[in-house]
Amino acid sequence: MDPRTLLSCIDFRYITDVLTEEEAYEILQKGQVGKKEREGQMLMHGYPAYTTSCAWLGYSDDTLKQLCTEALKAGWTRPAVGSSLLSLSCVNMDPWTSEGLPLDKWFKVKVGADLQDDVRRCRLIRNMIGPEKTLMMDANQRWDVPEAVKWMSQLAEFKPLWIEEPTSPDDILGHAAISKALAPLGIGVATGEQCHNRVIFKQLLQAKALQFLQIDSCRLGSVNENLSVLLMAKKFEIPVCPHAGGVGLCELVQHLIIFDFISVSASLQNRMCEYVDHLHEHFRYPVIIKKASYMPPKDAGYSTEMKEESVKKHQYPDGEVWKKLLAAQEN
């Protein structure tokens, strides 16, 4: 699809104060340069992924150690390209060795329930993965603004790349305040998985409320809406690191983030896409992960068609799964 045709799919209402159609056209035109090379890079290596399954709240220390060890052995490795906020320039970095192997490791840990427990868990993980690996943290909207700043100041010693969803996803100015307060500590703010339209993203970008933008392919309700956000992120030079917590989200978002690299951002610096190995067996065209990377899908469509047998099995109230659940409730 040529740039003009692509732009005809986007509604620019309410965002022209930060991105006009002509500016978007210029971005897409620049994206034509090197496009074939980037397509080849994706076909050969795929798009960098990270796993978020190692450090959920409630896991015992033994479970944390086991999952981190398994992730390292399984090759969940990514290049720690500029983990300081000072190095968020938009250049095309090659995140692989000459043999096509990833260079460094990325891990994400859930935080926010208990500060001392967070300190202990983060120290355990940091000691396991070493000082050179990249650690991210996710609070899942746990804190008020002052609490977020205070809490993350206590966790700064573990050198997290970002704190994800530190407060209410609707609080744009709150995110901006947290972002400003944590910048001297080298900690970025990542958010967006709960944002439901381009206007919210526009305001987050205007307010400098995030350093990592996390689209969600379902919450942001169409390919068209996602396109407008990808282009605004490029205008502000903010890396896009999509939310993809399983349940079909990985299948959806792979199309968007590979398109972003090939046609919009042309960069892999400080960029990676979440991956959770969860429920892929129910989809006809499940995502393909090789060497901790999303491999470009080659089947037509958006990769979200479910297997007929899975739909029948889970259909309410006559599906096998629901019959068992309802029978158990009666007993």
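Student: By about how many helical turns are K324 and E320 separated in helix α12?
Tutor: Both residues lie in α12, which spans residues 320-330. Helices (H or I, at least four residues) and strands (E, at least two) are DSSP runs, numbered from the N terminus. K324 and E320 are four residues apart, so the separation is about one helical turn.

Student: What kind of model is this, and which pLDDT do side-chain atom pairs need?
Tutor: Residues are numbered from 1 along each chain as its sequence is written, and side-chain values use heavy atoms, leaving out hydrogens and water. The model is predicted: totals for chains, interfaces and linings use all residues, local features need pLDDT of at least 70, and side-chain atom pairs need pLDDT 80 or more.

Student: What is the N to O distance between K324 and E320?
Tutor: Their side chains meet in a salt bridge, defined as a Lys or Arg side-chain nitrogen within 4 Å of an Asp or Glu carboxyl oxygen. K324 is exposed at 57% relative accessible area, and E320 is partly exposed at 41% (buried is under 20%, exposed over 50%, partly exposed in between; 1.4 Å probe, protein chains only). The N to O distance is 3.5 Å.

Student: How many residues apart in sequence are the parts tied together by R123 and E157?
Tutor: These two form a salt bridge, with N and O 3.1 Å apart at the closest. R123 sits in helix α5 (115-129), and E157 in the loop between α6 (145-155) and β4 (160-164), so the parts tied together are apart in sequence by 34 residues.

Student: Is strand β3 largely enclosed or open?
Tutor: T134, M136 and D138 are buried on one side, L135 and M137 on the other. In a regular strand, side chains alternate between the two faces of the sheet. Five of five residues in β3 (134-138) are buried, so the strand is largely enclosed.

Student: Which residue of β3 is the bridge partner of F107?
Tutor: Strands pair if DSSP finds at least two bridges between them. β2 (106-110) and β3 run parallel, joined by five bridges. F107's partner is L135.

Student: Which residue in β4 stands opposite D138?
Tutor: β3 and β4 pair in parallel over three bridges. D138 also belongs to a salt-bridge network with K108, K110, E164 and E274. The residue opposite D138 is E164.

Student: What is the handedness of the crossover from β3 through α6 to β4?
Tutor: The path from first strand over helix to second is judged with the strands pointing away from the viewer, and clockwise counts as right-handed. β2, α5 and β3 make a right-handed β-α-β unit. The crossover through α6 is right-handed.
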